[in-house]
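Dear colleague,

Please find below the structure for your review.

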Amino acid sequence: MRTSSLVLLLTFSCLVTACRDEQAGPKPRAKRLPEPAQARILEAAPSDLTFRAGTTFADGSVVYLGSKVTPQKAAPGEEVRLAHYFQARRPPPQGYGFFVHVVEDAGGGMLINADHEVQNGAAPLASWPVDKVIEDVHSIPMPAVPARVMLGFWRGDERLHVDEASAHDGSHRMMGPRLGGNAAAELPEYIVRRASAAPTIDGVLDDAVWKSASPVVLRGSFDGREVRLRTEARLAYDDEFLYVAFDAEDPDVWGTMRKRDDPIYEQEVVEIFLDANADGRTYNELQVSPHNVNFDASFVGRRQGMDVSWDSGMKSAVKVRGTLDDASDTDEGWSVEMRIPFARLSEVPHIPPRPGDRWRFNLYRLEHHGRRTVEGQAFSPLFVGDFHALPRFAWLTFQ
């Protein structure tokens, strides 16, 4: 069965949907290599498989021979080619589609939903000739964290039975090759300094605290590349508050939503996610739009238990350098200041934080170029289209 999950287009060409605070790009499908009109039928699987299986579905009627990953070692976000090989030993079951999920080794969270039709629809399971080998080829971005390919067949609300208990995850997703964990994707760290004086929350970044805070420039959230419009961020703290400043280049500053907790993540926004006890479960999400509309929510697990009734107590202000909501002229950009009370955040170990305390966090921006194509930016690139990718959160170290 297909899992309703985060799927990732590798291009940034669609509009954002649903708590898109988590998306780094448009809704995705896995990229597929060009497929012929006729099904590819082989006599045998290649001899150089990088993952060998031999495990079976449906009482031995279909065998998963294994897969070939090319290249086996790739940088996070680099495209890799997956070729899967199957053989029907008896007439195969009818009416099943094909699914491919890439999940984290740690916790099993979904990284990529690469569901697609076998050979782009040329070779559905029901058509497989007995004793011949079917090859399916598609491509995905290399995960930044250790991951595993899980695959199988679905029909309605069921998955085709995997015969060997040790070959699936308990929900009849067959275990495939391992991926990811490239050391090139090290997590960045931000050293946050104590403010000698609190900034005035007016959206103007002229306070002394911002002059002494270290600036960071956000990068492409999906692949870490340089972005079209620069976003710079700074952080500071005192006994009661965490202070966050964003400065965003933007030739067209706009937004249509005006109410607190409106889904501003569907438009242009800056965001901070905070996991104060660094447990990879409980965390908070805080956003500000160009109209100074706030969205905040708390979570008890990755995308679990979202509570939008939670009130962060944040105070924010925005300064627009241009004409808000007027596409006929060219703006310079917008800046944001946020003052976030420590006492309202989830599971803060110490208030005030002690020197050396380390939280997990990330900084984001969503920019709609021409009010159409979406670009996600992040302090710690995610390499997946999910702003809630907790294993990719950076470190926030209190000085």
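H84 counts as buried because its relative accessibility is 0%, where buried means under 20% relative accessible area, exposed over 50% and partly exposed in between, with a 1.4 Å probe and protein chains only. The model is predicted, so local features need pLDDT of at least 70 and side-chain atom pairs count only at pLDDT 80 or more, while totals for chains, interfaces and linings use all residues. Residues are numbered from 1 along each chain as its sequence is written, and side-chain values use heavy atoms, with hydrogens and water left out.

Surroundings of H84

H84 belongs to strand β4 (residues 79-88); helices (H or I, at least four residues) and strands (E, at least two) are DSSP runs, numbered from the N terminus. The side chain of H84 makes a polar contact of 2.7 Å with that of S67 and another of 3.0 Å with that of H138. A polar contact is a pair of N or O atoms within 3.5 Å; within protein, one must be able to donate a hydrogen and the other to accept it, and residues adjacent in sequence count only if both atoms are side-chain atoms. Apart from neighbours within four places in sequence, the residues in contact with H84 (heavy atoms within 4.5 Å) include Y64, F98, V100, I134, D136 and L151.

The chain as a whole

The protein chain has 1 helix and 23 strands. Of its 399 residues, 56% count as buried. Among contacts with a separation of 6 or more, 68% are between residues 24 or more positions apart.

Strands β5 (residues 97-104) and β6 (residues 110-113) run antiparallel and are joined by 3 bridges; two strands pair if DSSP finds at least two bridges between them. V102 has I112 in β6 as its bridge partner. The two strands form a hairpin with 5 residues between them, and G107 in the turn has a positive phi of about 95 degrees.

Backbone geometry

Most residues other than glycine have a negative phi, and most peptide bonds are trans. The following residues and bonds may be checked against that background.

- The T70 to P71 peptide bond is cis, with omega near -10 degrees; P71 is in the loop between β3 (62-70) and β4.
- The I351 to P352 peptide bond is cis, with omega near -5 degrees; P352 is in the loop between β20 (333-341) and β21 (358-369).
- A58 has a positive phi, near 50 degrees, and is found in the loop between β2 (51-57) and β3. A58 is buried, with a relative accessible area of 16%.
- R303 has a positive phi, near 65 degrees, and is located in the loop between β18 (294-299) and β19 (315-321). R303 counts as partly exposed, at 30% relative accessibility.

Cavities

The whole structure contains 2 cavities of 30 Å³ or more. On a 1 Å grid over the protein atoms alone, a cavity is a set of points where a 1.4 Å probe fits but cannot get out, and lining residues have an atom within 4 Å of a point. Grid points are joined across faces, edges and corners, and a volume is the space filled by probe spheres set on the points.

The largest cavity holds about 50 Å³, and its lining includes E104, L111, V384 and R392. The second largest cavity has a volume of about 30 Å³; W254, M257, Q267 and E268 are among the residues that line it.

Yours sincerely

Conventions: 1 Å grid on protein atoms, 1.4 Å probe; cavity = no way out; pocket = protein on both sides within 12 Å on 5 of 7 lines; lining within 4 Å.
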